[in-house]
Structures are given as structure tokens and as C-alpha cells.
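Please look through the structure below with its sheet and its helices in mind. The paragraphs that follow take these in turn.

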Amino acid sequence: MPIQLIDADPLQLAMLVAWSRSDRQFAFAPAALARLAADRAVVERHAAAGAPVNGLNTGLGGNLAYRLTDDELLTYQQQVIRGRMIGMGEPMPQDVVRVALLARIWSLARGGSGVSIGAAQALLDLLNRGLTPVVPMHGSIGAGDLGLCAHMVAPIIGAGEVFYQGLRQPAAQALHAAGLQAAALLPKDGLGMINASPLTAGLAAVVADQLDQVLLTAAAVATLAADGYAANLAAFDPRIAQARPAGEQAGAAALLRALLAGSSLYQGAPRSIQDAISFRTMAQVFGTAYAAHGQLRAAVDAELNGCSDSPIVFAEQGEMLSSPNFDTSMIALSGDAMAMALVQLASASVQRIIKLQTPHLSGLPKYLSPVGGASVGFNALQKTSAALHAEIRLLSTPVSTDAVVVSDTVEDHATHAMLSLRKLAQQLRLLQYLLAIEAMVGAQALDLRPAAQPGAGSRDVYKCLRAVVPKLEQDRPPGRDAMTIEATLFSGPLAAQLRSIASSGMQGHALPGLG
């Protein structure tokens, strides 16, 4: 298996997610080990000097005034982990935890934490031996991930649980099975391992990586709807986008043109001078969504490549300074903004689903039913679409504006970044269901226009869909079809095909997560 050296190199979001899902092995580069040793020397000097340093020889939060005795320095390292294992609820997804684990290890290698080489290596051994800590979903308020990080780190001392060889089991048992021993922690190791925000960063990285695929697929589904509706494509003219290039509007218009390249709608006069707003403003709505996505990716990049430890060790100056870099306001605000942008996408998608089934607007049979009469066609799916939209809208409620004062009023500000990201992930899944309905309706509309030729991206979505679900000839359970389509659109090679179309047809434009 290939070995990837861990050093101070910048972490790229997609690269990190891909590595965490691979069988790649990791090792600290010599330069990283040297940084760990230099930081550790500073910690040991401060410990010997006896001056109060937060978390080194004092308690934390409301216990900051308490000075640890020499006898307590070592026992406190396990105490600070075990006492902060506050998580509750279902486990976080294993891929998120592995991303977080790798991100934390990389941060240790970059310097600033002051943890011992032995402790850092123990955390790396978990990753290399395939032990994924069980980290409960609830317990972070965004003022660092101490409570959840405690669960992530606990296995190195034989505490907590892990997923190992397909089973959830006690960490001590899994360590033995994997040929590992519990780590002996040195002063500051306990706090140094958990006082950061890697789980927030890990979840943000996974969600942002998923957004890359969902936004691109959503754009292609929208172009299929446009082809099926016989929409007026003049709305995507580059001159219009450049006349007021708000957000990523110009790039989004270029993406839509690339996905519609070759459409027969570019030939001859348009069916209508002006379409409903849900069709006309596709570039504006997707441009706004991509702008929000860019902000989220930038916030994640800053978190993955920064140091949120407290205290931070500055080896060159020989100092240890208390730091408020645990605050994740940018990720929380970016997650909330992205959630609101997804509501705009969902609203437009629902309206296109309805417009395609409305004869006096689409020029197609009622409810897109080829038999007419009492046939329901796709009309009943409008209810599912409305229900999905309502839930997507509910999940857009901002959470980064509220905090409860805790820990003897010392911790009086929090971002709730983790909650912002968790609800964003829920939104994405619901949006995928909605997009499956739009794709199914768009494909049916295209089938009812036998002379129509779809664009390049529309055609790929259509072929992908028709490979698993046939054209509607008579009423059948549409919810089952939509679920099949959702699984096909978002788990197969479609995204790679669409990415190829976009990269060759966007004429120098770039979008976040798309290049």
C-alpha cells in the first residue's frame, strides 16, 4: 500500500476526503517529527519553570484557577479526556471521523500543539490500522470540539469505542486485536490532542465535497428540465451575465451553456419570448449557490490548514500562548448561508416540476401523461416535491446566531458550527430526492417532444435515468421510480461525465469545486 508522508503541505479538501476513504498508509515526515520535538521541548521547559499555563499545569474553563500538583500532571492527561467524553446520540459517519482524524494528525505535524511524538504516533496508528473511533453526533457547540474530540482520541488510551473490522467494539479490545498498546500520555498531551475543531472541519469537508457533485448534477437536471420545457435559452447569454455578474452568475451561465451545448433549442425561434422565472433565473440562482459554496470551501480550507490549538506553542520564540482560534464562526456562517442558498435551488426546482406538468405553459399533455383521461401522471409527485421543499426550507433556519452561556459563564459565546453542518447534510439528501423528481419529469417532457434534441449534459442525465426507469406509458408508483433515479444520479459515473463536459465547455470560466 502506498505511504503518504505527513508534513506541513497544504491540505486540499477533495484530496483529504479521498485519502480518508482509501487504504493508503501514512507516516510523519522527518521535518514533521522535528517540529513535534521542538514544540515538545518548549512544553517541557514551561512545565519545569512552573509558571501557570492553561491546560498544562492548570485546570480548564471554570477550573482555570486550580493549579495542578506535580503528582497530578500525568493523571490529569487521562482525566481531561475521560471527563470530557460528553457526546450523545448516534455515531457520526465513519468517513467524517476518518477525515477528522487525518486532519487532526496533519495539524499536529504542522506544529503548535506541543503534544509528544508518542501521543501523535498513537493517533496515527489508529488511522493506519483501520480503527475508527465511535464519536457521538451531539456535544459540540462550536467553541472547539473538545467534547467530541475526547471520543475521537480516547481509544489511544484504551477508552471509548471504535469500529474495527466491521464491528463496533470497546477500544481496549480492538487495540489488542490490532497489535497496539494504550499510549502513555505526557503533560499537555491530553488537552493537546482534543483542544481543536477537527470534527467540525471533517464534517465540513465531507459536506463541501458532496456539494461539488450535487450542485453540478442539479445544474444538469435543470438543463434537462429546460430542454423538456423548450425554454428560451437566451437567458443564459454571456452578455446578460456580464451586465451584472453578481456572485458566480457568469460562471453559472457558462456552465449551463456547456451543459446545453448541442440542444435543438438553439436552432430556430424560441417557443416563448419569456419563460417563468424558475427557468429564466437559473444562472442567477446557481450563481448564488456557487458563491455560497465558494465561501464554505474557503472557510474549510482555513480550518484544515490553520492551527486552532490552545495554548499554541511557538517553538522559535519559546512561548505558549492561550488562543481563541477554536472559534468556528466562519464555518458556521458559511454553512447557514449555503443552507439558505439551497432553499432557492429547491424552490426553483419545485416550480419547474409544476410548470412542466401545466399544459398551457409547457404545451405538453396534462401532468405529462401520454394517456390522458383520469390518469394522474406525475401530478401526485407535486405533493412529494412540496413536502421535500418544506423540509429543506425548515432546515435553512440559521443556528449561528444563538449561544447559551456555560462553564461558570466563562464560555459565553458559541457558533454551533457542527449543527449548521449537520442540517446542511440533511438538506443535501432531501435536495437529491427533489432533483430526482425534476429529472424524471424533465425526461418525460423530453420524450413527449420527439423532435427535440437535448444538450450534452441534459443527454447524459437522460441516458442515466432511462437506463433504470422507462418512460411513463401508464400510471405506476412514481415514488419508487424517483428513489431509483436518486440512487443512480448520485452514486454512479454521472458526475465525472458532467465534469468533463463542464471543463471543456466553460470557456475559461471557473466555479468553486469545479475548476
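Two strands are said to pair if DSSP finds at least two bridges between them, and helices (H or I, at least four residues) and strands (E, at least two) are DSSP runs numbered from the N terminus. The model is a predicted one, in which local features need pLDDT of at least 70 and side-chain atom pairs count only at pLDDT 80 or more, while totals for chains, interfaces and linings use all residues. Residues are numbered from 1 along each chain as its sequence is written, and side-chain values use heavy atoms, with hydrogens and water left out.

Three strands form an open sheet in the order β4-β6-β7, with antiparallel pairing. Because β4 (132-133) and β7 (167-170) stand at the edges with a single partner strand each, one side of each is left without a neighbour in the sheet. Two bridges join β4 to the antiparallel strand β6 (residues 161-164), and Val162 in β6 is the bridge partner of Pro133.

Turning to the helices, α3 (residues 72-82) has as its buried residues (under 20% relative accessible area, with a 1.4 Å probe and protein chains only) Leu73, Tyr76, Gln77, Val80 and Ile81. Seen down the axis of α3, these fall within an arc of 130 degrees, so they line one face of the helix, the arc being that of the directions from the helix axis to the C-beta atoms. What covers them includes α6 (146-153) and α8 (189-194).

Definitions and conventions:
Buried means under 20% relative accessible area, exposed over 50%, partly exposed in between (1.4 Å probe, protein chains only). Contact means heavy atoms within 4.5 Å.
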